[in-house]
Amino acid sequence: MTEIDFTRLHERSAEFDEAETARAVRERAIRVVKDVLDRHPVGVYEPESGRLVARARSPEFEAVGAPTAVDPRESRLGEIVAEGEPVHGPAPSAFGDAESWCVAPTGDGGGIVALDAEPAAFDADVTAALSGISLHVESALD
């Protein structure tokens with residue numbers, strides 16, 4: 001599993017507050033997840049017109065076949081976002097070639113999704129770190 005430098009993670013996440021637009025916050029979140037957690041397929045979903053839309057995503061996220069939009073009433077992602085608690089485990093088939101995922105709700109009805117081609121690629125530390133990033137995203141977007 002990935003060894004996480006939580007101090008570096010906190011320092012990098014503090015950069016979100018310097019972003020001037022919501023798009024910049026989402027893009028910075030993608031970079032932090034990629035750089036600090038060493039997770040490359042990552043997307044940030046936000047509610048839009050009754051759907052969850054991946055408003056920011058890494059090229060790797062698209063390459064695995066992750067959906068750009070999902071109906072929150074008919075998807076596991078929607079359930080997790082509604083429950084408000086981070087989750088890791090097997091990725092739903094709708095997320096293409098990904099075997100495992102980690103989801104951290106952002107509190108605004110959206111969430112950050114990290115994917116991996118390996119089964120059981122995420123653990124409690126990665127889930128806690130992704131959850132911390134999601135809290136910084138939520139704060140920066142408020």
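Visitor: In which sense do strand β1 and strand β6 pair, and over how many bridges?
Guide: This is a predicted model. Strand β1 covers residues 42-48, and strand β6 covers residues 111-116. The two pair in the antiparallel sense, and the number of bridges is four.

Visitor: In what order do the six strands of the open sheet stand?
Guide: Strands of a sheet pair through backbone hydrogen bonds, either parallel or antiparallel. Here the pairing is antiparallel. The order is β3-β2-β1-β6-β5-β4.

Visitor: Which strands stand at the edges?
Guide: An edge strand here has a single partner strand, so one side of it is left without a neighbour in the sheet. That describes two strands: β3 (69-70) and β4 (87-90).

Visitor: Over how many bridges do β5 and β6 pair?
Guide: One of the partners in β6 is I112, which bridges to A104. The sense of the β5 and β6 pairing is antiparallel. The number of bridges is six.

Visitor: Which residue in the hairpin of β5 and β6 takes a positive phi?
Guide: Look between the strands, where the hairpin has five residues. The phi in question is near 90°. The residue is G107.

Visitor: How many of the residues of β6 are buried?
Guide: Buried means under 20% relative accessible area. G111, V113 and L115 point one way from β6, while I112, A114 and D116 point the other way, and all are buried. So β6 is mostly covered, with the buried count at six of six.

Visitor: Which strands does α2 touch?
Guide: Helix α2 packs on the sheet. Its direction makes about 150° with that of β1. The strands touched are β1, β2 (51-57) and β6.

Visitor: At what angle does helix α5 run to β5?
Guide: Helix α5 spans residues 124-141. The helix lies across β1, β4, β5 (100-105) and β6. Its angle to β5 is about 35°.

Visitor: Are α1 and α2 roughly parallel or roughly antiparallel?
Guide: The axes of α1 (residues 6-13) and α2 (residues 22-36) come within 10 Å and cross at roughly 165°. Angles over 145 degrees count as roughly antiparallel. So α1 is, relative to α2, roughly antiparallel.

Visitor: How do the residues of the contact of α1 with α2 divide into nonpolar, polar and charged?
Guide: R8, L9, R12 and S13 in α1 meet R31, V32, D35 and V36 in α2. The division is three nonpolar, one polar and four charged.

Note on methods:
Residues are numbered from 1 along each chain as its sequence is written. This is a predicted model: local features need pLDDT of at least 70, side-chain atom pairs count only at pLDDT 80 or more; totals for chains, interfaces and linings use all residues. Side-chain values use heavy atoms; hydrogens and water are left out. Axes are lines fitted to C-alpha atoms, for helices over the stretch in contact, and angles run from 0 to 180 degrees between N-to-C directions. Angles under 35 degrees count as roughly parallel, over 145 as roughly antiparallel, 65 to 115 as roughly perpendicular and the rest as oblique. Contact means heavy atoms within 4.5 Å. Ala, Val, Leu, Ile, Met, Phe, Trp, Tyr, Cys and Pro count as nonpolar, Asp, Glu, Lys and Arg as charged, and the others, Gly among them, as polar. Two strands pair if DSSP finds at least two bridges between them. Buried means under 20% relative accessible area, exposed over 50%, partly exposed in between (1.4 Å probe, protein chains only).
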